[in-house]
Amino acid sequence: MSEQQAALEAKIYSYVGRDYGPQHAWDPVNAVMIRHWCEAMGDANPIYTDPAYEELKAAAVPVEGIVAPPTMLQAWTMKGYANQLPAGSCEDDAFEVLGLLEAAGFTGVVAVNCDQEYERYLQLGEKVYHHCKLESISEHKTTPLGEGYFVTVVYSFYVDDAEGNAEKVGSMLFRVLKFKPAHQAKPAEDSVSDKPASRKISRPKPGINRDNAFFWEGLKQGKLLIQKCIGCQTLRHPPGPMCPACNSLEWDTKQSTGKGTIYSYVNLHHPQVPPFDSPNPVALVELDEGTRLIGGLVGIKPKDVKIGLPVSVEITTEDDLTLALFRPDSLNSDTQA
Ligand code: ZN
């Protein structure tokens with residue numbers, strides 16, 4: 001271990017075990033945020049939005065009125081875009097140690113775990129707050145993304161009862177990898193190495209399961225397939241076991257022409273993850289058949305990507321992975337990447 005690394009580790013490990021908090025919620029648990037959450041997530045469970053479903057709810061939770069989806073736990077105490085905290089909150093950031101790693105050249109960051117546990121449902125009017133503990137920092141690790149450290153923070157969420165006693169209502173483990181991107185030039189002091197020459201990094205493999213295997217098999221045969229309900233003919237993507245329109249479990253596929261338009265897009269700048277370029281243009285493409293899917297863009301400079309641009313699928317095989325990319329139909333030659 002270099003002297004520099006030893007000094008860095010002595011500093012970062014001194015943060016382990018630190019407590020941060022409390023961080024208070026801006027608002028008590030409320031129907032407006034719950035409704036927006038349910039709309040955004042497509043969660044139609046009426047116990048979250050309709051007080052008339054007392055009977056249905058009573059079996060799971062014996063309280064009056066609607067309850068919040070447990071998965072909203074973290075939403076109550078989030079800072080929001082303005083990055084401000086309600087009065088009485090701790091100003092220190094539980095991830096402040098990442099700044100030390102950043103300064104030491106570990107510029108990449110990627111979230112690797114998020115595990116939540118719920119003790120009970122939250123009810124309207126409850127004021128949530130959380131405390132964080134920097135639980136652990138791993139030893140120095142070498143990963144496909146680059147060398148770095150795993151940093152784990154555990155959040156504990158509470159509400160106070162009428163007597164002012166804290167009741168734990170849930171917890172969340174959040175782990176990030178802070179790393180030196182593997183494709184970056186190494187600093188001079190690390191230039192003597194017995195590691196093999198850097199190998200080519202492959203694209204991450206998709207998670208293939210029984211619901212979506214047809215999609216990836218179709219691509220291998222050169223076809224872009226869309227799942228189609230046999231019950232009502234509705235097309236859907238991403239794939240799933242049940243038709244959201246008629247609840248039928250019977251499905252077939254339809255081959256797409258592969259033509260569509262850019263419905264929305266992002267140019268990803270960070271984290272810089274090989275083998276992708278930075279910025280990396282990724283589009284949400286609305287196919288002519290009506291469904292939308294996400295795919296990387298080729299043949300265009302990031303600055304020229306526009307909503308509404310006509311694109312066609314380009315089925316590509318890299319290593320042993322066949323995937324759907326999209327290429328703009330017509331562009332001036334000077335804008336082609
Ligand atoms: Zn259907």
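In what order do the three strands of the open sheet with antiparallel pairing run? The order is E10-E9-E11, where strands (E, at least two residues) and helices (H or I, at least four residues) are DSSP runs numbered from the N terminus. Strands E10 (235-236) and E11 (251-255) sit at the edges with a single partner strand each, so one side of each has no neighbour in the sheet; two strands count as paired if DSSP finds at least two bridges between them. Helix H5 (residues 213-220) packs on this sheet, where it touches E9 and E11, and its direction makes about 140° with that of E9. Angles here run from 0 to 180 degrees between N-to-C directions, with axes taken as lines fitted to C-alpha atoms, for helices over the stretch in contact. Strand E9 (residues 225-229) and E11 run antiparallel and are joined by five bridges. In this pair, Lys228 faces Asp252 of E11.

A word on the model itself. It is predicted, with local features needing pLDDT of at least 70 and side-chain atom pairs counting only at pLDDT 80 or more, while totals for chains, interfaces and linings use all residues. Residues are numbered from 1 along each chain as its sequence is written, and side-chain values use heavy atoms, with hydrogens and water left out.

On the whole-protein scale, there are five helices and 16 strands. The C-alpha atoms fill a box of roughly 70 × 65 × 35 Å along the principal axes. Of the 337 residues, 35% are buried, meaning under 20% relative accessible area, with exposed being over 50% and partly exposed in between (1.4 Å probe, protein chains only). Take the contacts (heavy atoms within 4.5 Å) between residues at least 6 apart in sequence: 66% of them join residues at least 24 apart.

A second open sheet has five strands, in the order E14-E13-E12-E15-E16, again with antiparallel pairing. Its edge strands are E14 and E16, each of which pairs on one side only. From one strand to the next, the twist averages 40°. E15 and E16 run antiparallel and are joined by eight bridges, and Glu318 stands opposite Leu321 in E16.

Helix H5 turns up here too. It lies across E14, E15 and E16, at about 75° to E16. Which residues of H5 are buried? They are Phe214, Phe215, Trp216, Gly218 and Leu219. Their cover includes E9 and E11 as well as strands E14 (292-296), E15 (310-318) and E16 (321-328). Just after H5, Gly222 takes a positive phi of about 80°.

Glu286 belongs to strand E13 (residues 280-287) and, at 25% relative accessibility, counts as partly exposed. Leaving out residues up to four places away in sequence, Glu286 touches Gly260, Thr261, Tyr263, Thr291 and Arg292. Val67 is 219 residues away from Glu286 along the chain, and their C-alpha atoms are separated by 36 Å. Ser156, in strand E7 (residues 146-160), counts as buried at 13% relative accessibility. With the residues up to four places away again left out, Ser156 touches Tyr129, His130, His131, Lys168, Gly170 and Ser171.

On a 1 Å grid over the protein atoms alone, a cavity is a set of points where a 1.4 Å probe fits but cannot get out, and a pocket is an open set with protein on both sides within 12 Å along at least five of seven lines; lining residues have an atom within 4 Å of a point. Grid points are joined across faces, edges and corners, and a volume is the space filled by probe spheres set on the points.

The largest pocket has a volume of about 1,100 Å³. Its lining counts 41 residues, and Arg203, Phe276, Gly295, Gly296 and Leu323 lie nearest the centre. H5, E13, E14 and E16 each supply at least two lining residues, and the largest share, five residues, comes from E14. By class, the lining holds 26 nonpolar, ten polar and five charged residues. Here Ala, Val, Leu, Ile, Met, Phe, Trp, Tyr, Cys and Pro count as nonpolar, Asp, Glu, Lys and Arg as charged, and the others, Gly among them, as polar.

The structure also holds one cavity of 30 Å³ or more, with about 60 Å³ of space inside the largest cavity. Ala68, Pro69, Pro70, Met72, Leu73, Trp76, Tyr118, Arg120, Leu122 and Val169 line the largest cavity, a lining of nine nonpolar, no polar and one charged residues.
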